[in-house]
Amino acid sequence: MRLKDKVTIITGAGSGIGRETAILFAKEGSKIVIADVNEKAGLEVAETIKNEGGEAFFSILDVSNRAQIRQVVKDTIDKYGKIDVLINNAGIIQDALIVKMTEEQWDRVISINLKGPFNCIQAVVEPMINQGSGVILNISSIVALYGNVGQANYVATKSGLIGITKTLAKELGKKGIRVNAVAPGFIITPMTAGMPDKILEMMKEKTPLKRLGKPIDIANALLFLASDESSYVNGVVLSVDGGMVL
Ligand code: NAP
């Protein structure tokens with residue numbers, strides 16, 4: 001097992017990439033805290049893990065709510081005694097061309113996708129510093145590397161996460177904490193499943209591997225970055241996109 005006895009908090013673990021990662025990490029021996037705004041989905045993931053012999057609990061979390069993340073961290077320490085890994089995975093899209101984007105659309109995406117990870121990192125960093133170890137993983141996106149029409153708010157947050165990753169890799173390295181990011185390409189999840197077939201086909205064509213990504217593709221990359229196998233990897237942005245951005 002590659003994460004034996006580790007404790008991992010995954011935000012947005014009720015669906016898509018977060019869900020797949022939670023299930024994979026549990027199979028690899030990690031205790032999982034499923035922190036999601038969607039209670040029904042989060043509870044289902046916790047049940048799935050427990051039914052497969054893993055250890056997990058669900059904790060309600062809106063990442064934009066600082067009091068809630070402090071509670072999740074307290075519950076985690078009370079139950080498992082430590083936090084080894086935080087995965088800042090929760091994210092939303094509210095797309096619009098810049099001429100039409102409302103202030104609400106801008107603010108909401110920033111508060112969940114960018115301030116949310118800030119809130120979560122601040123909440124876990126003290127216990128991680130005290131224990132002298134930890135891994136923080138941020139889910140960026142390849143659109144942070146090349147931009148995307150209609151996503152000024154989303155791309156700003158995903159680019160911001162790359163900046164946070166590199167800055168905190170420098171700030172926290174001496175405390176034994178590694179900070180890395182994954183930049184997924186186009187992954188089939190509830191976030192993207194509703195897109196028109198024409199767009200999905202176009203994305204597939206643009207990908208050298210000629211297929212769209214699956215949540216397990218991202219989960220496997222996160223597993224490497226969370227495990228001790230990557231103990232000298234710090235401050236990287238790992239693209240997992242079938243070679244779409246080269
Ligand atoms: P998803 O299937 O929509 O799952 C996101 C989960 O986060 C859902 O359970 C959602 O709950 C939850 N969530 C939403 N707002 C939240 C909040 N404020 N606090 C806590 N949880 C919240 O999305 P996904 O495709 O797996 O994406 C996961 C991450 O990967 C996101 O950061 C996304 O930007 C990034 N990403 C995805 C792709 C892709 O192609 N799918 C590509 C690049 C990057 P509800 O269902 O109730 O909203």
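Predicted model: local features only at pLDDT ≥ 70, side-chain atom pairs only at ≥ 80, totals over all residues.
Is Val-149 buried or exposed? Exposed means over 50% relative accessible area, and Val-149 comes out at 72%, so it counts as exposed.

Now let's go to helix α1, which covers residues 16-27.

How enclosed is α1? Well, 9 of its 12 residues are buried, so the rest of the structure largely encloses this helix. Among the buried ones are Gly-16, Ile-17, Leu-24 and Phe-25. And what do the buried residues of α1 pack against? Quite a list: the strands β1 (7-11), β2 (31-36), β4 (85-88) and β6 (177-184), plus the helices α2 (39-51) and α8 (215-226). Oh, and just after α1, look at Gly-29, which takes a positive phi of about 100°.

Last topic, charges. Side chains of opposite charge can pair when their charged atoms come close. How many salt bridges do we get here? The count comes to 10.

Let me show you three of them. Lys-6 pairs with Asp-228, with the closest N and O atoms 3.3 Å apart. That one links distant parts of the chain: Lys-6 is in the segment before β1, while Asp-228 is in the loop between α8 and β7 (237-240), 222 residues apart. Lys-6 counts as buried because its relative accessibility is 18%, whereas Asp-228, at 53%, counts as exposed.

Next, Lys-82 and Asp-84 form a salt bridge, and here the closest N and O atoms are 3.0 Å apart. Lys-82 is partly exposed, with a relative accessible area of 27%, but Asp-84 is at 10%, so that residue counts as buried.

And finally, the side chains of Glu-205 and Lys-210 meet in a salt bridge at 3.5 Å, N to O. Lys-210 is partly exposed there, with a relative accessible area of 43%.

That's my tour, thanks!

Conventions: Residues numbered from 1 in each chain as written. Heavy atoms only, no water. Buried < 20%, exposed > 50% of the residue type's maximum accessible area, 1.4 Å probe, protein only. Helix = DSSP H or I, 4+ residues; strand = E, 2+ residues; numbered from the N terminus. Expected span 1.5 Å × (residues − 1). Contact = heavy atoms within 4.5 Å. Salt bridge = Lys/Arg side-chain N within 4 Å of Asp/Glu carboxyl O.
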